[in-house]
Amino acid sequence: MAEQQPVLKYNVTGSGNYYPYYIDDKSNPGILPELIKQVMLLADIQVQHVELPAKRTVKYLHQGHIDFDVISPEWLSQAEKQNPQFSYSDTLFAVEEYLVSLKSSVAQWQQLNSIRNQPVGTVLGYYYYDDNRFKRVDFHSEQQLIQALKMQRIEVVIIDKLPALYWAEQFDADISFGALHSLGNLKIRLRSEHQSLLPKINTAIKELKNSGSLDAIINKYTKSIPLQ
């Protein structure tokens, strides 16, 4: 008799305000929930989403309480990239993270070096590969980062391009993009005890790309975001 495959637990909520990647809306949950559902359906893997704040997601993944999340390895320190606890899938899609500030002060943030020893707005629980070079000022979400910029509580933040554009429009914040902080590829980060499932997962990702389904999911959530 075939061995019963365990149900894999995962989390992709980010900060909870991770628009368009995650939206707290069951009918339109965002890019990552839809994508993961399709990937695992094609791979014939049973999964269960567990709602967790970003900080707890990292802890739970390391402790084995959840089995995978979605992350860009480019966000990680060299040591964390090489952590044998985890294996990575093929790329889902690319993401761009920038230094972002108000338009009036963006000229001073055009070099990555400009944040050295400076206070920089970040999201609590998120990884930043170089956060030993600047002073983290943690906020609870991307939404709060943009609000803090608008209220001039912080001069510069590190944020993904799409959430930055979305929340700037919501709050009528006059933001602009400085230096690229990381150009990365989102991948499924799987606990290594499940790495035998990676070939099935990667085949499913390839199938979604080839059929155009992956692009369709991304387009569904990004078409309303005003691209600068």
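I started at helix α6, where the buried residues are L198, I201, N202, A204, I205 and L208. They sit on the same side of α6 because they cover an arc of only 160° around the axis. That arc is taken from the directions from the helix axis to the C-beta atoms. I use "buried" for under 20% relative accessible area, "exposed" for over 50%, and "partly exposed" for in between (1.4 Å probe, protein chains only).

Before going on, I noted that this is a predicted model, in which local features need pLDDT of at least 70, side-chain atom pairs count only at pLDDT 80 or more, and totals for chains, interfaces and linings use all residues. Residues are numbered from 1 along each chain as its sequence is written, and side-chain values use heavy atoms, with hydrogens and water left out.

**Entry: rest of α6**

I looked up the other side of α6 and found P199, K206, N210 and S211 exposed. Then I checked the length. For element names, I follow DSSP runs numbered from the N terminus: helices are H or I with at least four residues, strands are E with at least two.

Next came G212, in the loop between α6 and α7 (213–222). G212 is partly exposed, with a relative accessible area of 28%.

**Entry: strands**

I then listed the partners of β3. I count two strands as paired if DSSP finds at least two bridges between them. β1 and β3 run parallel, joined by two bridges. There, N11 has D69 as its bridge partner. β3 and β8 pair in the antiparallel sense over four bridges. I71 stands opposite K187 of β8.

Strand β5 (residues 119–123) is mostly covered, with four of its five residues buried. β5 runs parallel to β6 (residues 135–139), and five bridges join them. P119 faces K135 in β6.

**Entry: cavity**

I searched on a 1 Å grid over the protein atoms alone; a cavity is a set of points where a 1.4 Å probe fits but cannot get out, and a pocket is an open set with protein on both sides within 12 Å along at least five of seven lines, while lining residues have an atom within 4 Å of a point. Grid points are joined across faces, edges and corners, and a volume is the space filled by probe spheres set on the points.

I found one cavity of 30 Å³ or more. The largest cavity holds about 340 Å³ of space. Its lining has 24 residues, and G14, Y18, V70, W75 and Y126 lie nearest the centre. Two or more lining residues come from each of α2 (54–63), β3 (68–71), α4 (142–150) and β7 (157–160). I sorted the lining into 15 nonpolar, four polar and five charged residues. Here Ala, Val, Leu, Ile, Met, Phe, Trp, Tyr, Cys and Pro are nonpolar, Asp, Glu, Lys and Arg charged, and the others, Gly among them, polar.

The largest pocket has a volume of about 430 Å³. Of its 18 lining residues, Y10, P29, P33, K37 and H49 are closest to the centre. Which element gives the most to this lining? I found that α1 does, with five residues. By class, the lining of the largest pocket has nine nonpolar, two polar and seven charged residues.

**Entry: loops**

I noted a cis peptide bond between Y19 and P20, with omega about 5°. P20 is in the loop between β1 (8–11) and α1. T13 also has its place in the loop between β1 and α1. T13 is buried, at a relative accessible area of 4%.

Last, I checked phi. D44 is not a glycine, yet has a positive phi of about 60°. D44 is exposed, at 56% relative accessible area. D172 has a phi near 50° and is exposed at 64%.
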